[in-house]
Amino acid sequence: MASANKLTLFIVIFMLLGILSGAAIHAYAGQTTITAWSENITLLTDVFLRLIKMVIAPLVFSTLTVGIMRLGETATIGRVGGKAMVWFITSSILSILVGLVIVTLEHPGAGLNLAIPKESVDTGLAVSGMSLKGFLTHTIPTSITEAMSNNEILQIVVFSMFFGIAGASLGEKFNAPLVAALNVVSHIMLKVTGYVMYVAPLAIFAAISSVIASQGWGSCLITPRLSADTMSRFC
């Protein structure tokens with residue numbers, strides 16, 4: 001069996017185990033045990049998410065830079081970049097529209113009975129509106145190391161584009177060693193990503209088990225019902 005198929009199988013198995021364990025804890029354990037389980041088991045999910053964040057910056061920088069440098073001429077880079085930008089904008093608009101339609105029709109999360117925090121609670125999120133000036137300024141990194149440490153993907157992409165175009169303009173004679181080195185880095189990061197994905201089944205188990213243990217079977221049944229309702233509206 002291929003590695004990808006094995007991973008998919010393990011994800012399904014651990015998802016079912018998460019449902020069963022969460023349901024059992026919700027049904028038979030006391031409130032103290034449920035709270036402790038829900039809070040502590042999510043450590044696996046947090047570890048997985050941090051591992052994902054760990055590989056993003058070097059993976060994006062190395063693969064994007066190598067791809068741009070290998071295109072060679074700046075004219076070719078411009079054509080490919082223009083097409084990529086059109087696809088990016090189009091897919092972004094479509095994803096936003098799909099999200100708005102689903103939220104408007106289905107009101108996801110309405111059946112979870114989650115407590116609404118008070119207005120005075122500090123969420124730690126920036127709630128100020130984003131202006132066009134602020135957005136455009138935010139896309140330009142003041143430091144590539146800062147952008148990587150904060151996982152500012154758009155800033156990393158912008159720097160990688162400048163770096164790759166500048167490297168391509170020097171010609172193959174000068175950029176070949178760097179392309180080879182970054183190509184090795186990209187392959188290493190892809191390998192690391194593969195290792196990280198081995199943790200995915202445990203993360204899924206922890207996330208599902210935690211939610212069902214605290215919320216019960218209802219949280220497990222809401223998503224399929226919403227999906228069925230959505231499909232029935234469009235079919």
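Helices are DSSP runs of H or I with at least four residues, strands are DSSP runs of E with at least two, and both are numbered from the N terminus. With that in hand, the elements of this protein chain read α-α-α-α-α-α-α-α-α-α from the N terminus on. The count is 10 helices and 0 strands.

Before I go on, some housekeeping. The model is predicted, so local features need pLDDT of at least 70 and side-chain atom pairs count only at pLDDT 80 or more, while totals for chains, interfaces and linings use all residues. Residues are numbered from 1 along each chain as its sequence is written, and side-chain values use heavy atoms, with hydrogens and water left out.

Now the chain as a whole. Of its 235 residues, 23% are buried; buried means under 20% relative accessible area, exposed means over 50%, and partly exposed is in between, with a 1.4 Å probe and protein chains only. The chain exposes about 15900 Å², and carbon and sulfur atoms supply 71% of that. Accessible areas come from the Shrake-Rupley method with a 1.4 Å probe, and for residues only the protein chains shown count as cover. Contact means heavy atoms within 4.5 Å. Among contacts between residues at least 6 apart in sequence, 81% join residues at least 24 apart.

Next, helix pairs. Two packed helices are described by the angle between their axes and the distance between the axes. The axes are lines fitted to C-alpha atoms, for helices over the stretch in contact, and the angles run from 0 to 180 degrees between N-to-C directions.

How do α2 and α9 cross? Helix α2, residues 31-41, and helix α9, residues 200-215, have axes that come within 9 Å and cross at roughly 155 degrees. The two are therefore roughly antiparallel. On the cut-offs, under 35 degrees is roughly parallel, over 145 roughly antiparallel, 65 to 115 roughly perpendicular, and the rest oblique. The crossing of α2 and α9 is left-handed, a term used if the near helix is turned anticlockwise from the far one by less than a right angle; clockwise would be right-handed. From α2, Ile34, Trp37, Ser38 and Ile41 meet Phe205, Ala206, Ser209, Ser210, Ala213 and Ser214 of α9. That contact has 6 nonpolar residues, 4 polar and no charged. Here Ala, Val, Leu, Ile, Met, Phe, Trp, Tyr, Cys and Pro count as nonpolar, Asp, Glu, Lys and Arg as charged, and the others, Gly among them, as polar.

The second pair is α3 and α8. The axes of α3 and helix α8, residues 172-197, come within 8 Å and cross at roughly 150 degrees. This makes α3 roughly antiparallel to α8. Their crossing is left-handed. The contact holds 19 nonpolar, 7 polar and 1 charged residues.

Threonine 45 sits in helix α3, residues 43-71. Is threonine 45 buried or exposed? Threonine 45 is buried, at a relative accessible area of 15%. Apart from neighbours within four places in sequence, threonine 45 contacts Ala203, Ala206 and Ala207.

Aspartate 46, also placed in α3, is partly exposed at 42%.

Valine 12 belongs to helix α1, residues 3-28.

Last, asparagine 151 is in the loop between α6 and α7. Its phi is near 55 degrees, a positive value in a residue other than glycine.
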